[in-house]
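Have a look at the sequence and the structure, then read on.

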Amino acid sequence: MLDVTPDDVDTLAQKAGIAQAEGDLPRAAALLAPLHPPADDTGALEIQVYQAILERRPAPIIPRLEEILAKPDPALGYNNGELRFWLGWAQEVAGDHAAAQESWRQARSELEPFLKEQPDNYILIGDLALTNMGLGDKAAALALAERAMTVVPLEKDVVDGPAPIEILARVAARLGEPDRAIAALQKLLSIPSEGALASRVPLTPALLRLDPMFDPLRNDPRFQELILERIPKSLYNKGMKWYHRLKLCHNKRISRPRTAGEGSHFGPSEGEVRHRILIDVKGPAPTAVVADPAAQGWLENRRQRKN
């Protein structure tokens, strides 16, 4: 399709969404950078916003959303409220919590009237669930997530049914229900599914590692297990050798040369190392890749000194 319509905005945006799901943010950024979707192309816009959120650098995209929502197009219907949810999420990740709360309050007021007209619209219900989640209304957010699941139950709709489960996972993760969040994620990762956000690509281990909405689960061993990719046994064995070397160093408290701004201590604890190490399957000689940025930087320093 890209050969036929190489400059098609939606095609390139969807391809970027696939790159996001694979955890390849540089590739996604390269695809999205030249795109300037119009205000009525909310799908492509949301993929751009999601990219900024996944990169944890949403500030540049916020003015664009504010410009669009300053004069919302009535023809977009509830998509205006959905875009405003994304604005609130971007503002929150940027650290402007007051602005995020105001955006989410306005989004809720824009979305609720449409729910009366479209009571079985599971996408709209999910938007409201996420908006109430942002506002900290746990009871409303969970009730809406559960309502979406009853509208399109997985048992009767294997195509649309997974999306409300993802909404529940997000709401539960954010609002202090880790058991429900983990159960929902385990279910999603065990079945073919379509995602609930932006490009509709499925929620993947790579996205779980990147998406800030799942930050409250980062220290849960069950979540750490979920974000491990399925890899060949040979690569797993190489990674485990790496881990045991690090564990041995930790147990013996082997010191290492100081670098700027750090002491002579070993670095992450053995427990942190155990949970942070993942296998790097991208190169011809895999070593390790780390879900946690702090540990990743530490390992990179070790590699550079070795080389």
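Before anything else, a word on contacts: two residues count as being in contact when they have heavy atoms within 4.5 Å of each other. Keep in mind, too, that this is a predicted model.

## The overall picture

With that cut-off in hand, take the contacts in the protein chain between residues at least 6 apart in sequence: 57% of them join residues at least 24 apart. The secondary structure comes to 15 helices and two strands. The protein chain has 307 residues, and 46% of them are buried.

Which residues of helix 2 are buried? Helix 2 runs over residues 25–32, and its buried residues are L25, A28, L31 and L32. They sit on the same side of helix 2, because they cover an arc of only 125° around the axis.

What do these buried residues pack against? Their partners are helix 1 (9–21), helix 3 (42–54) and helix 11 (205–210). On the face turned away from the buried side, helix 2 carries the exposed residues P26 and A30.

## T42 in helix 3

Helix 3, one of the packing partners of helix 2, is also where you'll find T42. Is T42 buried or exposed? T42 counts as buried because its relative accessibility is 11%, and the cut-off for buried is under 20%. If you set aside the neighbours within four places in sequence, T42 is in contact with L76, N79 and L83.

## Salt bridges

The structure holds 15 salt bridges. One of them pairs R57 with E55, and the closest N and O atoms there are 3.5 Å apart. R57 counts as exposed, at 54% relative accessibility, while E55 counts as partly exposed, at 23%. Another salt bridge joins the side chains of R108 and D137, at 3.9 Å from N to O. This pair links distant parts of the chain, 29 residues apart: R108 belongs to helix 6 (residues 97–117), and D137 to the loop between helix 7 (122–134) and helix 8 (138–151).

D220 is buried, with a relative accessible area of 15%, whereas R222 counts as partly exposed at 34%. Salt bridges can also join up: R56, D215 and R218 are linked in a network of them.

## The cavity

How many cavities of 30 Å³ or more does the structure hold? There is one, and the largest cavity contains about 60 Å³ of space. Its lining is made up of Y50, E166, R170, G195, A196, L197, A198, S199, V201, L203 and L207.

By type, the lining of the largest cavity divides into seven nonpolar residues, two polar and two charged.

## Two more spots to look at

R180 is in helix 10 (residues 178–188). What does R180 touch, not counting residues up to four places away in sequence? The list is L142, E146, L168 and A172. Of these, L168 lies twelve residues from R180 along the chain, with 8.0 Å between the C-alpha atoms. R180 is partly exposed, at 32% relative accessibility.

Where is L228 found? Look in the loop between helix 12 (221–226) and helix 13 (233–252). L228 counts as partly exposed because its relative accessibility is 33%, and partly exposed covers the range between the buried and exposed cut-offs, under 20% and over 50%. L228 and L208 are 20 residues apart in sequence, and 9.8 Å separates them in space, C-alpha to C-alpha.

Methods. Residues numbered from 1 in each chain as written. Predicted model: local features only at pLDDT ≥ 70, side-chain atom pairs only at ≥ 80, totals over all residues. Heavy atoms only, no water. 1 Å grid on protein atoms, 1.4 Å probe; cavity = no way out; pocket = protein on both sides within 12 Å on 5 of 7 lines; lining within 4 Å. Points joined across faces, edges and corners; volume = space filled by probe spheres on them. Nonpolar A, V, L, I, M, F, W, Y, C, P; charged D, E, K, R; others polar. Salt bridge = Lys/Arg side-chain N within 4 Å of Asp/Glu carboxyl O. Buried < 20%, exposed > 50% of the residue type's maximum accessible area, 1.4 Å probe, protein only. Helix = DSSP H or I, 4+ residues; strand = E, 2+ residues; numbered from the N terminus. Arc of directions from axis to C-beta.
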